[in-house]
Amino acid sequence: MASAFSHAFVALASGKALQHPVLTWPVLFLGMTCSIVPDVDVIGFYFGIHYGDLWGHRGLTHSIFFAALLSVTLTGVWYRQKSSAAKAGIGVYLFLCTASHGVLDAMTDGGLGVAFFSPFDATRYFFPFRPVAISPIGIGDFFNGNAVQILVSEVTWIWLPTIGMFLILRGLLHLGFDRFSQNGHGLPGSGEQ
Ligand SMILES: [Zn+2]
């Protein structure tokens, strides 16, 4: 895993960069939560489930299928009274937040790969480019281990590119697309927002 902080940071920055009116703070917090949820599979270690199993770490809960299932379920239950357009926007955001977890994990330099296509295909995948230092499971281990090395790696390969993406998206919005997102929605709009 990359650390939970980095997963949540990517989800938050992506949501803030898009500036879409449906991406309110509660939705952003839900997106940050979704970006961390796939690692609930570590519970399986305590029940004898092996890393490489269907329910093992980086297995089903890290798949595209799970991201779709989670985002559709949350949107359908939590936001069922919203308009179809709002539900679509929130659903896509929650899907991207959840799916981003596996993408980041597939860039780490340790453990097994990510079962992106589980449960249909159990193959574990890594990207060819894996610069992110693996983060230990469990927050205690994180701070006891090579925390500084991991943080430097994540800042370099996750946080800085994410900030770069954030600035580019914001720039693009200011160049021409901002009129669409600001029309009649009373966004703060002032200053750096
Ligand atoms: Zn993970």
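## Overall architecture

The chain holds 6 helices and 0 strands, where helices (H or I, at least four residues) and strands (E, at least two) are DSSP runs numbered from the N terminus. Read from the N terminus on, the order of elements is α-α-α-α-α-α. This is a predicted model, in which local features need pLDDT of at least 70 and side-chain atom pairs count only at pLDDT 80 or more, while totals for chains, interfaces and linings use all residues. Residues are numbered from 1 along each chain as its sequence is written.

Of the 193 residues in the chain, 34% are buried; a residue is called buried if 20 or more other C-beta atoms lie within 10 Å of its own, exposed if 12 or fewer, and partly exposed in between, with C-beta atoms placed from the backbone. Among the contacts in the chain with a separation of 6 or more, 64% are between residues 24 or more positions apart, a contact being a pair of residues whose C-beta atoms, placed from the backbone, lie within 7 Å.

## The largest nonpolar core

The largest nonpolar core has 24 residues, and Y93, L94 and C97 touch the most other members; such a core is a set of buried Ala, Val, Leu, Ile, Met, Phe, Trp, Tyr and Cys residues joined through C-beta atoms within 7 Å. At least two residues of this core come from each of α1 (4–18), α2 (25–36), α3 (64–78), α4 (84–105) and α6 (147–182). The largest share, 8 residues, is supplied by α4.

When its neighbours within four places in sequence are left aside, C97 is in contact with A11, G31, C34 and S35.

## Packing of α2 against α4

The axes of α2 and α4 are 7 Å apart, and the two helices pack at an angle of about 30°; axes here are lines fitted to C-alpha atoms, for helices over the stretch in contact, and angles run from 0 to 180 degrees between N-to-C directions. That angle makes α2 roughly parallel to α4, since angles under 35 degrees count as roughly parallel, over 145 as roughly antiparallel, 65 to 115 as roughly perpendicular and the rest as oblique.

On the α2 side, V27, L30, G31, C34 and S35 take part, and they meet I90, Y93, L94, C97, T98, S100 and H101 in α4. The residues of this contact divide into 7 nonpolar, 5 polar and no charged, where Ala, Val, Leu, Ile, Met, Phe, Trp, Tyr, Cys and Pro count as nonpolar, Asp, Glu, Lys and Arg as charged, and the others, Gly among them, as polar.

## Packing of α1 against α4

The axes of α1 and α4 come within 10 Å and cross at roughly 140°, which makes α1 oblique to α4. This crossing is right-handed. In α1, the residues S6, H7, V10, A11, S14 and G15 meet Y93, L96, C97, S100, H101 and L104 in α4, and the residues of the contact divide into 6 nonpolar, 6 polar and no charged.

## Backbone features in the loops

Most residues other than glycine have a negative phi, and most peptide bonds are trans. Q19, in the loop between α1 and α2, has a positive phi near 55°, and Q19 counts as buried because 21 other C-beta atoms lie within 10 Å. R58, in the loop between α2 and α3, likewise has a positive phi, near 65°, and is buried, with 29 C-beta neighbours inside 10 Å.

S118 and P119 are joined by a cis peptide bond with omega about 5°, and P119 is found in the loop between α4 and α5 (139–144).

Leaving aside neighbours within four places in sequence, F116 is in contact with S63, I64, G102 and Y125. F116 and V103 are 13 residues apart in sequence, and their C-alpha atoms are 8.8 Å apart in space.

P161 is placed in helix α6 and counts as exposed, because it has 11 C-beta neighbours inside 10 Å. From P161 to V10 the C-alpha to C-alpha distance is 9.6 Å, although the two are 151 residues apart in sequence.

Methods. Two residues are in contact if their C-beta atoms, placed from the backbone, lie within 7 Å. A crossing is left-handed if the near helix is turned anticlockwise from the far one by less than a right angle, and right-handed if clockwise.
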